[in-house]
Amino acid sequence: MTAPASLYAPRPCRLLTVSGLTPQEKLFRLQLVDGSSLGHQPGQFIQLSIPGLTEAPISVANSPTRGTVFELAVRRAGRLTGALHKLAPGALIGIRGPFGRPFQLDALRGKQLLLIAGGCGLAPLRSLIQYCQDRPEEFAAVHILYGARSPADLLFKDDLAAWQRSERLDCRYTVDRIPADSCYDGETGLLPRLLSQLELDPANCSAVLVGPPPMYRPVIAELRRLGLSGERRIMLSLERQMRCGVGKCGHCSIEHLTCCSDGPVFWLEEVEALRGAL
Amino acid sequence: MLKRLEEKDFLCLLERIAERWQLLVPQRMSDGSRLLLPWQGGLPVLAGPPLQRKPTEVFFPQLELLLELDDAGGVALPNPPEKPPALLGLDHLDLAGIAFLDRFFLSPPTDDAYLRRRRGALLVGVSGLAGAQGETLPPLEGECDLELILAPDGLLAHPHTARGTELLEGFAEAAPDKLAALDRNATELLPEILLKAARLLQEERVPEDFWEEIAARCIACGGCNFACPTCSCFGVQDRTFGKRTERSRLWDSCQLDAFMREASGHNPLGTETLRTRRRIYHKLVADPLRWGEPGCVACGRCDRACPTGIGMFALCEELVRTCDRHGS
Ligand SMILES: Cc1cc2nc3c(=O)[nH]c(=O)nc-3n(C[C@H](O)[C@H](O)[C@H](O)COP(=O)(O)OP(=O)(O)OC[C@H]3O[C@@H](n4cnc5c(N)ncnc54)[C@H](O)[C@@H]3O)c2cc1C
Ligand code: SF4
Ligand code: SF4
Ligand code: FES
């Protein structure tokens with residue numbers, strides 16, 4: 001059967017490998033059954049479909065510069081993501097997309113980048129980080145700042161270690177708290193602390209933020225204090241309940257904007273004044 | 001060209017339509033309300049209270065199969081209806097509601113599920129002396145294929161599209177002065193009270209405790225949304241039968257707590273106050289920003305549906321009164 005033309009028709013994908021990231025998160029490597037590439041840009045998401053359990057929006061966690069296999073880092077949050085966590089390599093699942101406005105690469109080129117992630121937000125940001133690694137000539141400097149709740153919640157630990165070793169990247173992370181039995185000896189404290197350690201050239205610096213809702217205001221306040229003011233300096237990716245991913249179901253609206261198709265990536269000034277946006 | 005339809009001509013027109021379309025016409029229920037139902041012969045009830053249910057449900061039904069999935073990744077789409085629907089007896093507000101949903105669902109990316117039902121549909125409007133108490137309904141523009149006009153001395157018909165012209169072929173012409181006895185002035189869609197409320201909302205002049213007070217009366221039944229011809233929000237559900245899964249969409253309501261709740265628990269519309277404000281703000285401010293037109297056609301259905309009296313009109317009247325009090 002050929003895939004019919006419909007906004008709502010998922011395309012079949014093969015699950016290639018599954019690996020554990022944390023007790024709640026796994027990394028899924030997938031490929032479209034017809035072998036074609038997903039065609040995404042960093043910051044975009046797909047609608048993951050499992051028959052019987054409808055769909056969930058999930059960010060693409062790797063860069064389009066890394067071939068036709070794409071990766072999803074998924075937290076076990078409920079029914080669909082729980083079922084996904086039980087699947088073994090070889091399984092078929094459906095995807096729609098890629099959807100949404102990606103990170104605005106044109107505006108980031110030539111800049112010193114602050115890539116700031118909290119929690120699951122590292123998944124979409126990893127796509128951009130890999131892109132920066134693969135196109136080093138396009139960016140002046142890349143700082144990665146990441147915050148997780150505890151050492152066990154740190155995502156992509158191997159990547160974090162490799163990014164810290166890399167000469168091109170400056171990678172720092174912190175955790176909110178350390179349980180008594182942990183041998184973690186890195187930073188603790190909230191994300192804005194990492195920011196104050198940096199030497200920035202605020203006139204040539206842009207920030208990209210992806211994280212849980214409580215992260216935005218304190219980080220934005222710190223960025224402003226460091227001199228990132230004016231338009232097109234701070235880009236953020238917002239989460240909403242999403243049912244369709246294509247601007248039709250209404251669940252993701254933020255006043256007159258539609259998070260799935262006008263976003264999920266916005267410039268701060270596009271959403272800052274909108275009620276309930278941040 | 002204006003035509004005159006005797007009773008036998010009107011029945012002949014209905015038959016012509018029914019040959020090519022699934023014809024729905026207004027019929028009177030025992031409680032006096034009117035519903036659009038399949039034509040079974042006989043004359044439709046053109047004059048009377050507004051259609052009880054929103055006519056847009058023909059194109060965007062309460063529950064609709066989107067597609068079928070199988071275990072092997074196969075996807076099958078439902079077939080379009082054998083005959084496209086013809087909706088007869090729509091007034092200017094019904095047509096404005098359809099025009100709004102058309103723009104919403106058909107603007108890129110085109111919603112193919114909506115298009116499947118909408119494609120080829122025929123719209124027959126009604127104007128003239130067709131109001132509930134015999135009052136005059138305003139003339140219709142190009143939003144319908146064909147306009148039926150209830151004039152004091154009989155039924156007239158005016159085509160707006162080539163299909164409309166074709167359907168009226170062979171009927172007797174009517175002199176244009178047949179319309180002279182009718183008020184044929186177009187009316188503004190939004191009544192003054194809603195325009196005023198929209199302005200106050202836009203200017204952020206509505207006090208926060210107004211929303212709290214109104215929201216305290218909402219019982220979150222969703223009736224306002226389900227009655228509204230321009231409400232387009234939907235949820236998605238799967239039902240599995242062996243190896244086959246049916247994926248459907250169904251109307252959803254922004255007045256319900258789960259509407260925006262995320263899996264993480266975060267809920268941008270987590271209080272009734274936020275949700276009530278959203279319902280009104282979305283239609284009167286957000287839609288004009290996005291679509292150039294308000295998302296309310298002032299049909300009054302939400303006011304009739306709301307069990308606690310906080311539909312669009314009632315709420316806007318209270319809103320304007322409250323702001324006047326605050327302002328003075
Ligand atoms: C743009 C975007 C990108 C994302 N990227 C990632 C990612 O990379 N990794 C990741 O782990 N997560 C990501 N998420 C979050 C992820 O989508 C949710 O965790 C996922 O939807 C949970 O689905 P579930 O069915 O397992 O959870 P459940 O709790 O079973 O269901 C959650 C979803 O079901 C629906 N729902 C829940 N309750 C109700 C109700 N009462 N009525 C109606 N509908 C309801 C909603 O759509 C809700 O989002 C992203 C979200 C967005 C918006
Ligand atoms: S009056 Fe109510 S039901 Fe009618 S269009 Fe406006 S909001 Fe919708
Ligand atoms: S109809 Fe009235 S009570 Fe019901 S959800 Fe709407 S506003 Fe609330
Ligand atoms: S997810 Fe449906 S409109 Fe955005």
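Trainee: What classes do the residues of the shell around ligand 3 divide into?

Mentor: Eight are nonpolar, four polar and one charged. Here Ala, Val, Leu, Ile, Met, Phe, Trp, Tyr, Cys and Pro count as nonpolar, Asp, Glu, Lys and Arg as charged, and the others, Gly among them, as polar. Before we go on: this is a predicted model, where local features need pLDDT of at least 70, side-chain atom pairs count only at pLDDT 80 or more, and totals for chains, interfaces and linings use all residues. Residues are numbered from 1 along each chain as its sequence is written, chains are lettered from A and ligands numbered from 1 in the order in which they are written, and side-chain values use heavy atoms, with hydrogens and water left out.

Trainee: Okay. Which residues come nearest to ligand 3?

Mentor: C218(B), C221(B), G222(B), C224(B) and C306(B), out of 13 residues around ligand 3 (a heavy atom within 4 Å).

Trainee: And what surrounds ligand 2?

Mentor: Chain B residues, including C228(B), C296(B), C299(B), C302(B) and K283(B). By class, that shell has eight nonpolar, one polar and two charged residues.

Trainee: Switching over, which residues are closest to ligand 1?

Mentor: P57(A), A73(A), R75(A), T81(A) and R243(A), with 21 residues surrounding ligand 1 in total. The site is shared between chains, because residues from chains A and B surround ligand 1.

Trainee: Which backbone atoms does ligand 1 meet, say at A73(A)?

Mentor: A backbone N or O atom of A73(A) lies 2.8 Å from a nitrogen atom of ligand 1. For R75(A), a backbone N or O atom is 2.6 Å from a ligand 1 oxygen. G78(A) has a polar backbone atom 3.2 Å from an oxygen atom of ligand 1.

Trainee: Now the chains. How much area do chain A and chain B bury between them?

Mentor: About 3,300 Å², 54% of it on carbon and sulfur atoms. That's the accessible area (1.4 Å probe) that two parts lose on being put together, summed over both. Y8(A), K248(A) and R275(A) supply 21% of the area that chain A buries against chain B, more than any other three residues.

Trainee: How many salt bridges cross the interface of chain A and chain B?

Mentor: Five, by the rule of a Lys or Arg side-chain nitrogen within 4 Å of a carboxyl oxygen of Asp or Glu. One salt bridge joins the side chains of R275(A) and E204(B), at 3.6 Å, N to O.

Trainee: And how do the residues on the side of chain A that touches chain B divide?

Mentor: Into 19 nonpolar, 12 polar and eight charged.

Terms used
A polar contact is a pair of N or O atoms within 3.5 Å; within protein, one must be able to donate a hydrogen and the other to accept it, and residues adjacent in sequence count only if both atoms are side-chain atoms.
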